[in-house]
Amino acid sequence: RNKPTMSTSAVGTSSQGAGTSALPIPRIHWKDYTKERFHAEYVVTNLPCVIEGAIDDWPALKKWQDPEYVINTVGADRKMTVELVNRKFPAYMYDDNRTYADTRVITTFRGFVEHCLKHTEPINGESWYCPQQHHSQLDADFWPPNIVIESKLLKKAYAWMAQVGAGPGLHLDAVDNVLCHIRGEKRILLIPPEDTKFCYPRIEGIPNHSQIANVDDQETNTVKFPLFQNARRYETVLKTGEALFIPANWWHETWALTPFNVGVNFFFTTAGGEDFGVSLEEYDLLGLLFLEKFKKMAPLVRSHLVRYFDFVDNALGSQSEKAKEMDPQCKK
C-alpha cells in the first residue's frame, strides 16, 4: 500500500486572493480505513487530512441545524463572554490602546446565536467568536469519531461557535486534534511544523500563536513578516459533516464562512514525548519558563490561559494547577 504524502503542487491561489499559492489537503473516506490504518498512515506520520464519513452517525448533524434547538438545550439566558475578532490585530495580544476588555462582550447565549445569524459579515471589522467551550447539555448529540483511539483522548470535547469571519488566529497546538464541522462551512489554512521559522512565533504573550494578524494581508506581511511568503500553505473548505485531522505542531487558522458556524473538536495524544517533537521533560521546562511570564499577565488573560492549560495537562503535566497556585484569582 502506498503511504500518503503531502502534495507540493499548488492547486491555485489562496482562497482569499492573497497571491500565495495554496496546496491541497488530502481527503479520505472513513469507510476505507480502520483505526489502526489511520493511526499508522496519518497520526504516526504527522500528516493532516480531511475525513469524510467519520461523523455521519452523529445526531448533532441534524439537530444542530436548528438554532432554536441549540439555544434551548444550552440555555437561552446563559451568560456568555464573547471574543471580538479583528484581523487587524494579532489574536490575544493586548496593549494600552487595545485591552483585553476591549475585545470581549458579555451577552446571553441566545444573544450570541442571534447576532451570528443576523450579521453575515464582520461589523466594523469585528466578528463575534465563542471558542473552546464545553456545553455538557449537548454531549448526547456527538461522541469521539471512529478515527480516534479513545484511550488517547484528552478530557473534553470543545465547541467552537462563530459569526462569519471569526477564527482563532494563526497558532499551533502541542497535541493532535480532530475538528469535526457540524454547521456551515469553514475555511482552513495549515502550515507544516518545518515552516515554523517562517511563521513568526510570539516572543511575548501566548507563545503558541503567531505575531501575524492577517495571513491574507500580503502588503503588510511583505514589510513586517517577509519570510512568511516562504511558508507552505495548505488550504481547503471544511463542510458540514466533514472532519479535519490537525497533527500536533502544525500551524493552523480557520475562518467561519457561514452564519452561526459550529464545530466540535477533540484533542488527543499518542503515548510518548516523541509525538510532540520534544521530550516531556523539555515541555515541562518550557512550561515553567512560560509561567514566569504568566505571573506578569493581566488577571483576565491568566484566566483564559488556565482553560488552555486544562487540556494540555493530560499530556504535559499539571501546569494549570501550578498557574492557579501562583495566582489564586484564576478561576475556571
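Modeller: A helix is a DSSP run of H or I of at least four residues, a strand is a run of E of at least two, and both are numbered from the N terminus. The protein chain of this predicted model has eight helices and 14 strands. Residues are numbered from 1 along each chain as its sequence is written, and side-chain values use heavy atoms, with hydrogens and water left out. Since the model is predicted, local features need pLDDT of at least 70 and side-chain atom pairs count only at pLDDT 80 or more, while totals for chains, interfaces and linings use all residues.

Biologist: What is found just after helix 3?

Modeller: Glycine 75, with a positive phi of about 120°.

Biologist: Which residues of helix 3 are buried?

Modeller: Buried means under 20% relative accessible area, with a 1.4 Å probe. In helix 3, which covers residues 67-74, Pro67, Val70, Ile71 and Val74 are buried. These residues lie on the same side of helix 3 because they cover an arc of only 100° around its axis, taken from the directions of the C-beta atoms. Across the 332 residues of the protein chain, 54% count as buried.

Biologist: Which residues touch the most other members of the largest nonpolar core?

Modeller: A nonpolar core joins buried Ala, Val, Leu, Ile, Met, Phe, Trp, Tyr and Cys residues through side-chain atoms within 4.5 Å. The largest one has 57 residues, and Phe38, Ile51 and Phe112 touch the most other members. A second, separate core of 14 residues includes Phe198 and Ile212.

Biologist: How many aromatic pairs does a search of the whole structure find?

Modeller: It finds 13. Rings of Phe, Tyr and Trp (its six-membered ring) pair if their centres lie within 6.5 Å; planes under 30 degrees apart are stacked, over 60 edge-to-face, and the rest tilted. Tryptophan 58 and phenylalanine 142 form a tilted pair, 5.6 Å centre to centre with 50° between the planes. Tryptophan 58 is in the loop between strand 4 and helix 2, and phenylalanine 142 in the loop between strand 7 and strand 8, so the pair ties together parts 84 residues apart in sequence. Both residues, tryptophan 58 and phenylalanine 142, are buried.

Biologist: Which residues do ring pairs link into a cluster?

Modeller: Tyr33, Phe38, Tyr42, Phe245 and Phe268.

Terms used. Buried < 20%, exposed > 50% of the residue type's maximum accessible area, 1.4 Å probe, protein only.
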